[in-house]
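Dear colleague,

I am handing over the structure below, together with some notes on its ligand and the residues around it. Please read the notes with the coordinates open beside them.

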Amino acid sequence: MSAVNETLIRDVVADVLGRLGGAPAAAKSAPAPAPKADCGCNGKSHAATPGARGKFGVFADANEACAAAQESFLQLQKAGVAARVKIVEIVKAMAESNAEVWGKLELDETKIGRLDHKVEKLKIIKLVPGVEWLRPDARSGDHGITLEEYTPFGVVGAVTPSTHSIPTLSGNIVNICAAGNAVVFNPHPSAARCAAVAVRAYNEAIFRETGIENIATIIEKPSMESFAAMCKHEAVRILLVTGGPGVVKAAMQTGKRAICAGPGNPPVYVDDTACMKRAAKAIIQGASYDNNLLCIGEKEVFALENIADKLMSQMEQNGAVRLTNAQLDALTKAAFTITPGQGGGCGHASVNKDFIGKDPIVLAKAAGISIPSGTQLLFAETGADHPFVVEEQMMPFLPIIRVKSLDEGVTRSLEAEHGYKHTSIIHSHDLEALTQMGRALDTTLFIKNGPCMAGLGLGGEGYLSFSIATPTGEGVSNPRTFTRVRRCVMVDNLKIY
Ligand code: NAD
């Protein structure tokens, strides 16, 4: 059966189900919350009428997905802020109520990460900020009043990663639609099916509650061509890409403004003023989260030499398993392909994708050992130029490197971070060390005395986003990231004092 026919049949089925007052299976499994606020429909019933083409946001063609999102943006403009509030409520409630089902769906499709954390990443979408972040700024004085408002762009073109497909997509919808925009997604091809299920379910519920169709559209079979078509489409005003160096470079070359949530390789520095038990526990918690798929996750540890043994011993006492040199060599051979350098120069290591986000037991097998069930993390002592330090490896294995001084720890951390300006972490109570590392690393997130996720509001203060705009500088994305600031000036009048 050709792709065109499949699409046609799906559309017809969706249309017929809609006419019968039903909804596609995926949407049915995701009940929307009862309406709590005025959605801006002026009493019009949205009951069971399906979207114009019955697609509920899922499109085969990139141009159609962009055009539908543009129509939806216009509908959202008319419906007003109450409809944005409703959309945010729906997405947050559905991410939570579908967390188990969608987390499993994503794991089954991508085969990377851990189910418990896939589920948790959906349950915490409620921590993503919404419409309340768009309070206008005002000035008043002898010459009247001036208001600066955070207003939408229109359609945002978004790219999502394989490492957290539905969580990134859900958080992006909250931020982008809270700001009054619509969004079209070109998801990662290896996590596109689960993304489409969530988009379809969100749209079905949003249509039912607000009458707005296709507020978040998705290209069903994403490719480099669909990415190019989305970036080129005239309705797409800005881009949000979440992924590695390739997509960041591609987005920046489009000529459109791109908000880039790029790669990281977060270093950790531990000194002799830190509490070793607390540091060890935090490092294990962060580096093992979703099998180290987080871009903010601890990827290498530089430990001051006088506490390195104590730190490793605490890591073992808290359940991490230490590899011998021979076991490390075996794992390295399996986890990387080393291309020898020319003329005796340094070779280049590339990560073997079969090991990304896999369980510790898979890594242990490659290392030639058996580990207790429930082991969260493996670690070993390495040199600073080891592939596990240099590459963004995204595996539940952590290299530990001894350093002689704070200066060396900071220099090595800076080298390992590659200037991504993403995330760095320190365990120390020495104010000099905390300040020196913070200034030198110059990262978007700098976490002190806690696990990486404290930087996103999980155990630390702050809000959540799965898109941290690093090279382009917008930081942890929020509704204001997707707005244009517009000024409205009333001369001489309306000041009431
Ligand atoms: P990836 O770079 O392989 O893919 C990300 C997305 O970009 C996918 O949708 C992919 O199809 C697309 N893509 C890749 N190369 C492209 C190109 N040249 N042109 C157009 N599209 C392209 O990344 P991944 O393995 O899915 O995710 C992991 C990477 O993402 C890591 O580097 C991680 O640090 C980064 N990441 C960053 C953040 C952040 O907030 N900064 C969040 C999550 C992941």
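A polar contact, as the term is used here, is a pair of N or O atoms within 3.5 Å. Please bear in mind that this is a predicted model, and that the distances below are computed from it.

On the side-chain part, an N or O atom of His 422 lies 3.1 Å from a nitrogen atom of the ligand. The ligand taken alone would expose 830 Å², of which the protein buries 85%.

As for the site itself, the ligand takes up the space of the largest pocket. Helix H9 (224-232) and helix H10 (245-252) are the elements that give two or more residues to the shell, and H10 gives the most, with three residues.

The ligand has 28 residues around it, and those that come nearest are Ser 162, Gly 244, Gly 262, Glu 392 and Ile 468. By residue class, the shell consists of 13 nonpolar residues, 14 polar ones and one charged.

With best regards

Note on methods: Residues are numbered from 1 along each chain as its sequence is written. This is a predicted model: local features need pLDDT of at least 70, side-chain atom pairs count only at pLDDT 80 or more; totals for chains, interfaces and linings use all residues. Side-chain values use heavy atoms; hydrogens and water are left out. A residue is near a molecule or strand if one of its heavy atoms lies within 4 Å of it. A polar contact is a pair of N or O atoms within 3.5 Å; within protein, one must be able to donate a hydrogen and the other to accept it, and residues adjacent in sequence count only if both atoms are side-chain atoms. Accessible areas come from the Shrake-Rupley method with a 1.4 Å probe; for residues, only the protein chains shown count as cover. On a 1 Å grid over the protein atoms alone, a cavity is a set of points where a 1.4 Å probe fits but cannot get out, and a pocket is an open set with protein on both sides within 12 Å along at least five of seven lines; lining residues have an atom within 4 Å of a point. A molecule sits in a cavity or pocket if more than half of its atoms lie within 2 Å of its grid points. Helices (H or I, at least four residues) and strands (E, at least two) are DSSP runs, numbered from the N terminus. Ala, Val, Leu, Ile, Met, Phe, Trp, Tyr, Cys and Pro count as nonpolar, Asp, Glu, Lys and Arg as charged, and the others, Gly among them, as polar.
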